[in-house]
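Let's take a friendly walk through a protein structure, a few spots at a time. Keep the 3D view open and follow along.

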Protein chains: 2
Amino acid sequence: MAQKPSIPKGTRDFSPVEMARRNYIFDTIREAFRLFGYRQIETPAMENLSTLMGKYGEEGDKLLFKILNSGDFLKEVHPEDLEAHNLPRLTNQLCEKGLRYDLTVPFARFVVQHRNEIQMPFKRFQIQPVWRADRPQKGRYREFYQCDADVVGSDSLSNEVELLSLIDYVMGKLGIRTCIHVNNRKILTGIAETIGEADKIVDITVAIDKIDKIGIDNVNAELREKGLSDEAIAALRPLLELDGSNEEKLEKLSTILSGSETGMKGVEEMKEVLEGFENLGHSCGVELDVSLARGLNYYTGTIIEVKALDVEIGSITGGGRYDNLTGVFGVSGLSGVGISFGADRIYDVLNSLDLYPKEITGSVKALFINFGKDEAAASMRCIKALREAGVSAQLYPDCAKMKKQMQFANSEGVQYVVMIGDTELAEGTATVKNMTDGSQTTVPQSNLLEVIC
Amino acid sequence: MAQKPSIPKGTRDFSPVEMARRNYIFDTIREAFRLFGYRQIETPAMENLSTLMGKYGEEGDKLLFKILNSGDFLKEVHPEDLEAHNLPRLTNQLCEKGLRYDLTVPFARFVVQHRNEIQMPFKRFQIQPVWRADRPQKGRYREFYQCDADVVGSDSLSNEVELLSLIDYVMGKLGIRTCIHVNNRKILTGIAETIGEADKIVDITVAIDKIDKIGIDNVNAELREKGLSDEAIAALRPLLELDGSNEEKLEKLSTILSGSETGMKGVEEMKEVLEGFENLGHSCGVELDVSLARGLNYYTGTIIEVKALDVEIGSITGGGRYDNLTGVFGVSGLSGVGISFGADRIYDVLNSLDLYPKEITGSVKALFINFGKDEAAASMRCIKALREAGVSAQLYPDCAKMKKQMQFANSEGVQYVVMIGDTELAEGTATVKNMTDGSQTTVPQSNLLEVIC
């Protein structure tokens, strides 16, 4: 019986037009990574569960897609765990492998596994899909691409400057007007110390990360709940409402945070990064934003988040500096800094602003009408010459009615229709119809390239 | 406790050098597909098991990687199936999804699911990994890429001609000397009919497909086992040992098979395809090989298999015409023809013949030595200009000892080392060392592009 086919929820098929657009984004990012000296690696879709489990928190473990063991998958299953319905234990008995959840853990695993082949500092990039068993919703998928660039093995802030420059380059190429928000985790630490709540740094960063979403009053309510004193909350407020230029903000901060060594270090770092970026010149905006925390305790220095100016869509690129990437795999002391371009959100931005170059259609440039055997043979010789010159071209494979072939040309969006009928065949010519303006011209077959280019 | 990291057996990490080489192959194939008018699609890594199961035979079902259901995966499990250790039933209860096994079944599913958006004839290509729980061995992996191009919805033999031309184009670009072996399933049917064993066509094709591997005597022994008469086997022999040019073979065949309508149709088709290909001109060899069957009953017309001339590695590309691609999903009557490039074997061929262009290294072109803050700032400005001109360049991020930085340049295989020290900084110049020939020159910073290109 025939099945009505479908795909798993949260996954997508990509049509030729969508692929042309996605390739445009991926190719732009890949070429930028290459120009900036990042080197590509790829890792397997499947990793051992021992590599993945425990790296993304308890919630993350649940969101991993696990692969049922091949052969007799019941072999390792303990009856008492079945009896007790112990899902975590049974998962480990049924499955040894899972699909990667991000590109960071596989990268850390790669660095440790191949440490004898890798030169430090190691600049790597990786563009691959990841899988998460998240509840699907608008803009959130169970399979999506990440585009990550990281440098490990160097503490130099020139790496941060270069990443900002990379963002500026990619967004410029794609034509997206953006503002890069930056902060430094050490400034956040300095703030917590200065208001006398150093031990509440986690609560503070988690709360202030939400300012954009829930507003300062709700953030303050949350901080009060976490046990911050009213004095501390009052002391925090002006820090979160700093204004002026980046230089002015840094100047104010270096006064306010002067009592915190860590805070002052953060100010220094931020200053060096921003000055380095100014030195290079850039077209996107850049703004020191001390409310930027990006949720986690993962980052230890610079924090980066990019927002599109002309679309409300949240962060389209983000990253920062982290310590001890590979500690969990037994190699400690490796610090790094990296960013991740959100390809799906960038795709949405380009779609809603219609920023794709005209030629990004995925369509063939020239379609040759099929008038029969001999005409088709002559057409195929012309097509071969066009392809060798880098012009995509094809013959309509069947000698169908002219109307049907022209409809095909129209619906596929080809730019030129080429006709070699019996007259053209006898004269060695070809008639070219420009589908954009409707104009038509007849040229010797050997001159086709001058018309179609 | 630190884990010793590893990856699942049969999977691979790809280093930057390997990625550069793989990208060279994929980019060459992708560009060829585009020039020839094939349009790219992508489908999800995970498909519903109902889409995959039963499409690859009983053995294939076992080789599918299945994904454990999220949440309470025991929910659907029947205790009596656990009791009975009924693995196939339990698999279906534990898992709804699996990883794709090839690109053909997802393509068929795509065509049916999106039939209202697709124009026929539909020329599609797809370059994505597939997963098989096969026993890993040399050259056989559990995750590998397929590069498929197919046309569905057209019976015209010009599609076959174009696919041969595509193979010729790709192998020419890659510099691999090849011979394309072609046959037609209808010729095989004609042979079976002519020797009076029409009902044994499957046994005959399966057996003669092995001629290259086990020799004609073993093939004959196998045929005898399958119940072919000695007369039939004797009648078969000259057919399998046809010699001469393709034209001569076709002429002999049209005499021998004159009693079989299907056989004669096959000869006609083969003739048209070969003449069409000759008309276009080609650099690879092409040979009619009536022992070519490619194992399965899948193909219904033209059969194609490509072998490298200078390496013993088996087929590096193959394909053919099939009927009823989408019948199992409820849409019948769709015939198609396609080929699949074996990227991993092509990679092995290029490696063993050392056919990669010199510039395929994945390395950055110019490394700037880091002499300190001000020198680095000047370097980064020069680097920005180089990148904008399309030249990959980077600063060594740390102001390390000269020796260490030069060692890095050497081991990474960079082509140029650029030095802006205090003298150069004062004079606005840069010293460029060509790492290939050791030559060194000092130029104004604004002229760097003339030296590094």
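Which residues does B:Ser158 touch, not counting residues up to four places away in sequence?

## A serine facing the other chain

B:Ser158 touches A:Met380, A:Leu395 and A:Pro397, leaving aside residues up to four places away in sequence. Before going on, note that this is a predicted model. You'll find B:Ser158 in helix 7 of chain B, which covers residues 158-174. Its relative accessibility is 14%. B:Ser158 counts as buried because the cut-off for that is under 20%.

## Where the two chains meet

Now zoom out to the interface. Here 107 residues of chain A are in contact with 108 residues of chain B. Together the two chains bury about 9,000 Å² between them, and 56% of that is on carbon and sulfur atoms.

On the side of chain A that touches chain B, the largest share comes from helix 1 (residues 16-35) of chain A, with eight residues. Sorted by class, that side of chain A has 47 nonpolar, 34 polar and 26 charged residues. Eight salt bridges also run across the interface. One of them pairs B:Glu412 with A:Arg39, with the closest N and O atoms 3.0 Å apart.

## A buried arginine and its partner

Next, find A:Arg109 in helix 6 (residues 104-113) of chain A. With 0% relative accessibility, A:Arg109 counts as buried. Not counting residues up to four places away in sequence, A:Arg109 touches residues of chain A, among them A:Thr43, A:Phe329 and A:Glu47, and residues of chain B, including B:Pro5 and B:Asp13.

What does A:Glu47 form with A:Arg109? The two form a salt bridge, their closest N and O atoms being 2.8 Å apart. A:Glu47 sits in strand 2 (residues 46-48) of chain A and A:Arg109 in helix 6 of chain A, so the pair ties together parts that are 62 residues apart in sequence. A:Glu47 is buried as well, at 0% relative accessibility.

Over all chains, the structure holds 45 salt bridges. Another one joins A:Glu269 and A:Lys186, with the closest N and O atoms 2.9 Å apart. A:Glu269 is in helix 13 of chain A and A:Lys186 in helix 8 of chain A, so to speak distant parts of the chain, 83 residues apart. A:Glu269 counts as buried, at 9% relative accessibility.

Over in chain B, the side chains of B:Asp310 and B:Arg177 meet in a salt bridge (3.0 Å, N to O). That pair links distant parts of the chain, 133 residues apart.

## A helix face and an exposed loop

Back in chain A, look at helix 9 (residues 201-208), whose buried residues are A:Ile201, A:Ile204, A:Thr205, A:Ala207 and A:Ile208. Seen down the helix axis, they fall within an arc of 165°, so they line one face of the helix. Their cover includes helix 8 (185-194), helix 10 (211-225) and helix 11 (230-240) of chain A.

Finally, A:Gly259 lies in the loop between helix 12 (246-256) and helix 13 (261-280) of chain A. A:Gly259 is exposed, with a relative accessible area of 75%.

Technical notes
Residues are numbered from 1 along each chain as its sequence is written. Chains are lettered from A and ligands numbered from 1 in the order in which they are written. This is a predicted model: local features need pLDDT of at least 70, side-chain atom pairs count only at pLDDT 80 or more; totals for chains, interfaces and linings use all residues. Side-chain values use heavy atoms; hydrogens and water are left out. Contact means heavy atoms within 4.5 Å. Buried area is the accessible area (1.4 Å probe) that two parts lose on being put together, summed over both. A salt bridge is a side-chain nitrogen of Lys or Arg within 4 Å of a carboxyl oxygen of Asp or Glu. Helices (H or I, at least four residues) and strands (E, at least two) are DSSP runs, numbered from the N terminus. Ala, Val, Leu, Ile, Met, Phe, Trp, Tyr, Cys and Pro count as nonpolar, Asp, Glu, Lys and Arg as charged, and the others, Gly among them, as polar. Buried means under 20% relative accessible area, exposed over 50%, partly exposed in between (1.4 Å probe, protein chains only). The arc is that of the directions from the helix axis to the C-beta atoms.
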